[in-house]
Amino acid sequence: MRPGGGAQALSTPATGAAGEQESLFEAPAPAAAVPVASHPGPAAETRAGGLRTTAGFEIARQDPVASVRLVGVLPHLDRPFEYAVTPDSERAGPGMRVRVRFSGKDTEGIVLERRAEPTTDRPLASLTRLVSEDVVMPPAMMRVCERVAEHCAGSVGDVLRLALPPRHARAERSDRAAEDRAAESAAAADAGAVDAAAEVAAAEESTATTLDRYPGLTALLARAGSDTGPVPRATVTLEPADPWTVVTADALASLGPDRGGLVIAPDGRDVQRLSRELTARGIDHEVLTGAEGPEKRYRTFRRILRGASRIVLGNRSAAFAPVADLALVIAYDEADDLLVEPRAPYPHLRTILQARSAEQRCALLFLAASESVPLRALVETGYLLRLEPLPAPLNTLRPRIVAMDRYLREREGPSGRSRLPQEAMRVIRQGITRGPVLVQVPRTGYVPATACTFCGTRAQCPHCSAPLSLMGRSGPLHCRVCGRREDGYRCPECDRTQVRAVVIGSTRTAEELARGFREATLRIAGGAEGALEDHDVPEHGIVVATPGAEPAPPGGFAAAVLLDADAMLGRAAFDADVEAVRRWRNAIALVRTAEHGGEVLVVGTSTLPAIRDLVAHRSDVFLERVIADRRATDLPPFTRVAEIVGDRAACLAFVEQTELPDTAELLGPVDLEGPDARGRARAVVRIDPRRAKELAEALRAGVAARSARKAPGSLRVRLDPPDVF
């Protein structure tokens, strides 16, 4: 693995640390002088005006020097290089793709600027060729890439590789032909568009939308794309009665014809659902996802680049889409781990969108069925505004939600303690008479955690707050983050000393339900069975789905049963409770409201805070408790965390040779566990968010120095990975 730095997500500072946040994503700092190197050839000659070049080519008469940022080079070479412009590449301008010779290889680069004189006295090599005259990386987007690289302790070249799809010559030729044909009928199309826009505007004025429930959202959309005043940024926790696709479509429809919009959703099914909604409303848009082939993807990219459509939908790979006149960016369910980039420098979607909002002054809106801790922390710092809906009768906003409390369990007798109690069977039996029923079970493959045998509180390391695990089947407790062995563990809630492994999931749910409901059609979604399309949901059947794989039938589910709630909460991760609530609320959002017979049963310990939060409506008690606990235990987002993983020798050498800030806390390195982890180790570094920039700079310098030395062994550096604790 080539050494590379990186980060995963924006680490939000605690209250009072907003200065670091603003320095990264608000007011751009003055441009610093960037060291620019040349790439000399074997022989050199001096041109008129003092320009020295390698021999064997002519140079352009005007601005013969091009500053080029190379794509995907090693970290220690991540800086602009100067090349001489030849007559064949004279049309190369800022933001265009070029090919150059670098270290004996043909390398892709992006032109930053043209100038008359070089900044070095070393001879310049020539641009090999101009790849395309398309400006694929405008100056504002280049600054976005630089911000993301700075925040993630990575290289700009790696960010450019994420932002730009590979060029496809045939797709470019066909799109140029389509562009020429469109230009011939531009006048008639513009007149028709004006009439159509007027009709749409008139229809919207007389039709109520979901935006009426969120007055603050209407105000944000009114300011989207404004060149004056502060940039509007907000987060909205949607009511279950308001599908995110409908709210997003209403928001996009409110944009003017000269304003662009970008919507990012976790996976392709979410994107297709929104695309169907926009198509039904007659809103022109483009879909840019990673599942498309190279030709179709580049054709779509170029249509977006030339402004053929100002509304773009996509998943993580569309975060850098070059939308014309971008005024509004919407991110749905930003806490989903699918929005974490798995390639260096591992930026989270939040990081990219915040950088775009700062550079392009576009409004930023986060939509979700459940509020996340990072967004709440951003609200506390004043970066985001939390928009609340208008009050309404509860039965019109969400389904009836019930948890298996002590009364229901004791009323049933012994079966009340089973995994599928009679109350769950009743909800399913009555639900299938009204429509489809959803049964959610935990995803298989979770790492077993440990919990108190008496009260169920998860066992956490008293030093770093990471989950404790059992060494072997009955060995002592130990921490996989800091390596601490905990022989005298006591539960902080009940002071007991006995712990148990939390058993996760079941492979027999579908078979058990099939025996109990022989006449009902059963479908399985997720895992080895794959995804279930929305239109394939049986009208009066049962769908057993893992979190995130639930289909969304047009009329919604009549009922839902959330099984193994305690197992979901027992996952070995510091954010298991918040993540479980997010997945439950996403499932609840697929169920009809109570006035239409919708009902949800949560099978778990009803006294747990996370389950009580589901029953309560828009309560802040649970999330505020989580935030207070994380602040007290120095867990993200109230601390900046870096993870260094690699070969044991490489990890130890990097930790010893990198000059970390004086206030940084080093945990480990500790050897990794598992059959594929032999000889590998991990170290964790955490620091106060107000000094996060120092940590990013130190890690970036350490990775560059390791690359320059050609140090052996593989190593990966990430900032704020989601699974570090």
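Visitor: Which residue is the bridge partner of I644 in strand 30?

Guide: The partner of I644 is V717 in strand 30, where strands (E, at least two residues) and helices (H or I, at least four) are DSSP runs numbered from the N terminus. Please keep in mind that this is a predicted model, in which local features need pLDDT of at least 70 and side-chain atom pairs count only at pLDDT 80 or more, while totals for chains, interfaces and linings use all residues. Residues are numbered from 1 along each chain as its sequence is written, and side-chain values use heavy atoms, with hydrogens and water left out.

Visitor: How many bridges join strand 27 and strand 30, and in what sense do they pair?

Guide: Strand 27 (residues 640-647) pairs with strand 30 in the antiparallel sense over 5 bridges; two strands count as paired if DSSP finds at least two bridges between them.

Visitor: What is the strand order in that sheet?

Guide: The sheet is open, with 4 strands in the order 28-29-27-30 and antiparallel pairing. Strand 28 (665-671) and strand 30 (715-719) stand at the edges with a single partner strand each, so one side of each has no neighbour in the sheet. From one strand to the next, the twist averages 15 degrees.

Visitor: And which strands does helix 20 touch?

Guide: Helix 20 (residues 692-709) packs on the sheet and touches strand 27, strand 29 (680-687) and strand 30, its direction making about 165 degrees with that of strand 30. Contact here means heavy atoms within 4.5 Å, and axes are lines fitted to C-alpha atoms, for helices over the stretch in contact, with angles from 0 to 180 degrees between N-to-C directions.

Visitor: Switching topic: what is the geometry of the F81 and F102 pair?

Guide: F81 and F102 form an edge-to-face pair, 4.9 Å centre to centre with 70 degrees between the planes. Rings of Phe, Tyr and Trp (its six-membered ring) pair if their centres lie within 6.5 Å, with planes under 30 degrees apart called stacked, over 60 edge-to-face and the rest tilted. Because F81 lies in strand 5 (residues 81-84) and F102 in strand 6 (residues 96-102), the pair ties together parts 21 residues apart in sequence.

Visitor: Is F81 buried or exposed?

Guide: F81 is buried at 3% relative accessibility, and F102 is buried at 8%; buried means under 20% relative accessible area, exposed over 50% and partly exposed in between (1.4 Å probe, protein chains only).

Visitor: Last one: where is P230 found?

Guide: P230 is in the loop between helix 6 (215-223) and strand 9 (233-237), and is exposed at 66% relative accessibility.
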